[in-house]
Amino acid sequence: MFGSLIAAFLLVYGTAIMNWMLIGEYYLNGGLLDVNYTYLSLLCAVPFVLGSLLKLNITPKNRLTFIIVSGLLFAVLFTTVHWAFVYYGVEMAADVLFRTLLVLPISALLVVFAVFIGFNMEGNLGKESDII
């Protein structure tokens, strides 16, 4: 649980620093001190924290692999989207910020759900699954 929170903060702030070093700008106008980066980190961490806390149909041995795989897939998605926002100079308005704070955490939830489905279907191809 704590690893998911720390990883989300590292991902959000790390990509912000990386974009500043490469392009010279931040996505949010306030730079690293903008509180919306914190909100984005917390909202993106929620699906991974829930995935590690809820009693899913995944063995405890595979739970860490589940979180790492879904985290890496989301990291690729998040890094690409964050870089594109900064590179193409998306104007920061209230509605754009709201959509960003809504869409990226929903994307994290979809990635976690897709990896969960994949872990449950592993070795069960052609058999009925008990999740659907």
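Tutor: Let us begin with a loop residue. In this predicted model, Tyr88 sits in the loop that joins H3 to helix H4 (94-121).

Student: Is Tyr88 buried or exposed?

Tutor: The general idea is to compare the relative accessible area with a cut-off, and over 50% counts as exposed. Tyr88 has a relative accessibility of 62%, so Tyr88 counts as exposed.

Student: How far apart are Tyr88 and Phe98 in sequence and in space?

Tutor: Separation along the chain and separation in space are to be read side by side. Tyr88 and Phe98 are ten residues apart in sequence, and their C-alpha atoms are 19 Å apart in space.

Student: Which residues make the nonpolar surface patch?

Tutor: A patch is read as a group of neighbouring side chains; nonpolar ones are joined within 5 Å. Here Met18, Leu22, Trp83, Tyr87, Tyr88 and Val90 make a nonpolar surface patch of about 640 Å². At least two residues of this patch come from helix H1 (2-22), and at least two come from helix H3 (60-87).

Student: What separates Ile23 from Trp83 in sequence and in space?

Tutor: The two residues are 60 residues apart in sequence, while the C-alpha to C-alpha distance between Ile23 and Trp83 is 9.0 Å. Trp83 is also one of the residues in the nonpolar patch.

Student: Let us turn to the buried class. Why does Leu104 count as buried?

Tutor: The cut-off for this class is under 20% relative accessible area. Leu104 lies in helix H4, and Leu104 counts as buried because its relative accessibility is 7%. As for its spatial relation to Cys44, the C-alpha atoms of Leu104 and Cys44 are 6.8 Å apart, although 60 residues separate the two in sequence.

Student: How many residues does the protein chain have, and what percentage of them count as buried?

Tutor: The protein chain has 132 residues, of which 36% count as buried.

Student: Which elements make up the protein chain?

Tutor: One reads the elements in order along the chain. There are four helices and zero strands, and from the N terminus on, the order is α-α-α-α. The C-alpha atoms of the chain fill a box of roughly 50 × 25 × 25 Å along the principal axes.

Student: At what angle do the axes of H2 and H3 cross?

Tutor: A helix pair is described by the distance between its axes, the angle and the handedness. The axes of helix H2 (residues 35-53) and H3 cross at roughly 155° and come within 10 Å. Angles over 145 degrees count as roughly antiparallel, so H2 is roughly antiparallel to H3. Their crossing is right-handed.

Student: How do H2 and H4 pack?

Tutor: The axes of H2 and H4 are 8 Å apart, and these helices pack at an angle of about 20°. Angles under 35 degrees count as roughly parallel, and H2 and H4 are therefore roughly parallel to each other. The crossing of H2 and H4 is right-handed.

How values were computed: Residues are numbered from 1 along each chain as its sequence is written. This is a predicted model: local features need pLDDT of at least 70, side-chain atom pairs count only at pLDDT 80 or more; totals for chains, interfaces and linings use all residues. Side-chain values use heavy atoms; hydrogens and water are left out. Patches are made of residues with over 30% relative accessible area and no salt bridge: like charges are joined within 9 Å, nonpolar side chains (Val, Leu, Ile, Met, Phe, Trp, Tyr) within 5 Å. Accessible areas come from the Shrake-Rupley method with a 1.4 Å probe; for residues, only the protein chains shown count as cover. A salt bridge is a side-chain nitrogen of Lys or Arg within 4 Å of a carboxyl oxygen of Asp or Glu. Buried means under 20% relative accessible area, exposed over 50%, partly exposed in between (1.4 Å probe, protein chains only). Axes are lines fitted to C-alpha atoms, for helices over the stretch in contact, and angles run from 0 to 180 degrees between N-to-C directions. Angles under 35 degrees count as roughly parallel, over 145 as roughly antiparallel, 65 to 115 as roughly perpendicular and the rest as oblique. A crossing is left-handed if the near helix is turned anticlockwise from the far one by less than a right angle, and right-handed if clockwise.
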